[in-house]
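Keep to what can be read from the coordinates.

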Amino acid sequence: MTGRNEPATSGATGTPAGRVQTVLGPIDPAELGWVLPHEHTAIALWHIPNRWDYWELRRDKPLISDELAAFRSAGGGAIVDLTLDGVGRDPDWLAGLARTTGLHVVMGSGWYRGAHYPPEALIDRRSVDALADVIVRDATSGVGDTGIRSGVIGEIGTDKPWLSAQEERVHRAAARAARRTGLAITTHAVQSAVGLDQLDVFAAEGADLTRVVIGHADSYPALDYHLAIVDRGATVEFDFLGMTFTPLERHGEGRIVEILVALLARGHAERLLLSQDVCHDSQLRRYGGNGYTYLAESFLPRLREAGVSESDIRTITIGNPRRLLTIAPPHG
Ligand SMILES: [Zn+2]
């Protein structure tokens, strides 16, 4: 024993197992209530080479606070903000929103997808374990010198329907950090079955797949894909709901309702999550979009019309996010 402070990167004692880590500190999981598990409150996606648009959810505190207040009024309790380094993660911004709105806010960690990896992350110049150390540090001692800790790993993603070499390294680091911290992993996987490849990497690294969420699964509306995810114990997340400018509109949201009902009929209520992935100004109510209240105002009523029970809706909107955000004992 040297008597000096050791770097807080082991994770063995750094995360509060059995609690949920919010940006304002750990809480009792029962306090969460209804959670939107895949959202953003500010994100800049345009500043990468060869991108010609200005895709951004601008950081506008009064506006975003209003939009989140509408979710709270509709019965919401918490949101998970998955904006990461490279696209504008800011722990102090999130803590400020949590204070202003009274919502619980859980922050993500790790790196998003190849096109958005910040150069300073040195993704291909450090070992996978060194990358995992960064994610573990976020969860155990906080981001930078803010003292604000992440409560979930993700969104970890791929640009294309495959994992690039760099992305594979990040996925391996995420899995190792999940083992060391007990945090769940949530992913970005669009318009393909790439979520299964993500699960392969996580499994190869010994991650607990019952604590993995495959995101954007409604962008690939194929029941076989969703069944393959739940068969491996992972959770299917439909989180482009109400986002009318995505390829989802080619299929129509009716298809998502059908798939959801089919998954419920097979007994998979405990492997489903719903969110809206607000990531562009045009999605805000102020600008004519659906805001953070699309589930409350449109999608959940549609599920009820399709015969989905209140008990299943509670499992999906409250029980499942509570289970996933509750930190498990580290195992690696
Ligand atoms: Zn997202």
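The paragraphs below take the sheet, then the helices, then some individual residues.

This is a predicted model, in which local features need pLDDT of at least 70 and side-chain atom pairs count only at pLDDT 80 or more, while totals for chains, interfaces and linings use all residues. Residues are numbered from 1 along each chain as its sequence is written. Helices (H or I, at least four residues) and strands (E, at least two) are DSSP runs, numbered from the N terminus.

An open sheet is built from five strands in the order 8-9-10-11-12, with parallel pairing. Two strands pair if DSSP finds at least two bridges between them. Strand 8 (153-157) and strand 12 (272-274) are at the edges with a single partner strand each, so one side of each has no neighbour in the sheet. From one strand to the next the twist averages 25 degrees. Angles here run from 0 to 180 degrees between N-to-C directions, and axes are lines fitted to C-alpha atoms, for helices over the stretch in contact.

Strand 8 and strand 9 pair in the parallel sense over three bridges, and isoleucine 156 stands opposite threonine 187 in strand 9. On its other pairing, strand 9 (residues 185-188) is joined by two bridges to strand 10 (residues 212-214), and these also run parallel. Here isoleucine 185 has valine 212 of strand 10 as its bridge partner. Helix 10 (residues 310-325) packs on the sheet, where it touches strand 10, strand 11 (235-238) and strand 12, and its direction makes about 110 degrees with that of strand 12. Contact between two residues is taken as C-beta atoms, placed from the backbone, that lie within 7 Å.

In a regular strand the side chains alternate between the two faces of the sheet. In strand 9, Ile185 and Thr187 point one way and Thr186 and His188 the other, and all are buried. A residue is buried if 20 or more other C-beta atoms lie within 10 Å of its own, exposed if 12 or fewer, and partly exposed in between, with C-beta atoms placed from the backbone.

Strand 7 (residues 104-107) is likewise covered on both faces, with His104 and Val106 on one side and Val105 and Met107 on the other, all buried. Strand 7 pairs with strand 6 (residues 76-81) in the parallel sense over four bridges, and histidine 104 of strand 7 is the bridge partner of alanine 78.

Two helix pairs involve helix 4. Helix 3 (residues 128-140) packs against helix 4 (residues 165-181) at an angle of about 45 degrees, with the axes 8 Å apart. The two are therefore oblique to each other; angles under 35 degrees count as roughly parallel, over 145 as roughly antiparallel, 65 to 115 as roughly perpendicular and the rest as oblique. The residues in this contact include Leu131, Ile135 and Val136 of helix 3 and Val170, Ala173 and Ala177 of helix 4. By class, the contact of helix 3 with helix 4 has ten nonpolar, two polar and five charged residues. Ala, Val, Leu, Ile, Met, Phe, Trp, Tyr, Cys and Pro count as nonpolar, Asp, Glu, Lys and Arg as charged, and the others, Gly among them, as polar.

Helix 4 also packs with helix 5 (residues 194-204), at about 50 degrees and with axes 8 Å apart. This pair is therefore oblique as well. Glu168, His171, Arg172 and Ala175 of helix 4 meet Gln198, Val201 and Phe202 of helix 5. The contact of helix 4 with helix 5 divides into three nonpolar, two polar and two charged residues.

Some backbone details remain. Most residues other than glycine have a negative phi, and most peptide bonds are trans. Glycine 154 and glutamate 155 are joined by a cis peptide bond, with omega about 10 degrees, and glutamate 155 is found in strand 8. Leucine 122, in the loop between strand 7 and helix 3, has a positive phi near 50 degrees. Leucine 122 is exposed, with 12 other C-beta atoms within 10 Å. Aspartate 277 has a positive phi near 45 degrees and is in the loop between strand 12 and helix 9 (294-305). With 27 C-beta neighbours inside 10 Å, aspartate 277 is buried.

Alanine 74 lies in the loop between helix 1 (61-73) and strand 6. Its C-alpha atom is separated by 7.1 Å from that of threonine 293, 219 residues apart along the chain.
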